[in-house]
Amino acid sequence: MADITGVEEGVGLTALMVAAARAIETHRHDTLAQDVYAEHFVRAARASADWPVRPRQVPDGEADPLWGRLGRYFGLRTRVFDDFVLRRTGAGIRQVVLLGAGLDTRAYRLDWPPGCRIFEIDQRGVLAFKARVLDGLGAVPKTERVAIACDLRLEWTAALTGAGFDPAAPTAWFAEGLLLYLPDAAERALIAAVDALSAPGSALAYEVKLGPESTAVRESPIYSVAERTGIDLLALFARGPRPDSAADLTARGWRTSVHTAFDFTREYGRGPLPEPERPDALAANRWGFATRP
């Protein structure tokens, strides 16, 4: 077992959950995203060692609320955000920042144009765990990768610029699976920091929840099934009213668009659809995309 400090507790557990979902997605016959490293993270941590990493290991298959429906959501999100960054780098951006990188392996699995540099920011324990697993596999990134150990609830911009980030260069920013867990003030501060560090031509992809979830949605089977794996998602989500980050970015001069995951299910032909007949934990989730002219 690899060093698991910071991974088998709190939000670190969600990184393992997403890794398991990506592993399952990788082996679906109609896969949207491939991540051959994901299952190795799952097997390397004691908390997740017996979680499924193949579709056939999910007893209820697609009907399983966690590994079926939520897993499909994570698989779709991975593909949509992959396409976002590949379009941006294809258009000339060479600087990418993953905010709350978790167990993301885009630096290793995507085909990057020459000259790209990827900065991954997360807590020290998560980055150390990822490094040990990937080093043990002999994995080599396909572009320059810079890992930065920081708590994004605190000041982090000095560490980023100190690691070689160039605020004068256009940047593709990711906040995938991050803002849901940040307090209101931390989310506002992060958006302000991204704005301050973004040259014209920069772009941001992010995920948010719209306000506190209703009692009905909080009763979604996704949450109860997740609890059985040791993850209390509801306890991890930030409490209280959520800021309108799309409106904030628009006020700062960015062009923004906000979508449901269901919009992309229809576009890609795979993924979760609304469940109006029962509580839907995904109904409040939104994926935002913004560009700075």
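Author: The discussion below goes from the overall chain to one residue. This is a predicted model, in which local features need pLDDT of at least 70 and side-chain atom pairs count only at pLDDT 80 or more, while totals for chains, interfaces and linings use all residues. Residues are numbered from 1 along each chain as its sequence is written, and side-chain values use heavy atoms, with hydrogens and water left out.

Reader: How many helices and strands does the chain have?

Author: Helices (H or I, at least four residues) and strands (E, at least two) are DSSP runs, numbered from the N terminus. Here the chain has 12 helices and seven strands.

Reader: What does the radius of gyration say about the chain?

Author: The radius is taken over C-alpha atoms, and the globule rule is 2.2 Å times the number of residues to the power 0.38. For 293 residues a compact globule would have a value near 19 Å, and the chain agrees with its 18 Å. Its C-alpha atoms fill a box of roughly 50 × 45 × 35 Å along the principal axes.

Reader: Is Glu39 buried or exposed?

Author: Buried means under 20% relative accessible area, exposed over 50%, and partly exposed in between (1.4 Å probe, protein chains only). Glu39 counts as buried because its relative accessibility is 19%. Of the 293 residues of the chain, 56% count as buried.

Reader: Where is Glu39 placed, and which residues does Glu39 contact beyond its neighbours within four places in sequence?

Author: Glu39 belongs to helix H2, residues 38-44. Contact means heavy atoms within 4.5 Å; leaving those neighbours aside, Glu39 touches Ala23, His27, Val53 and Arg54.
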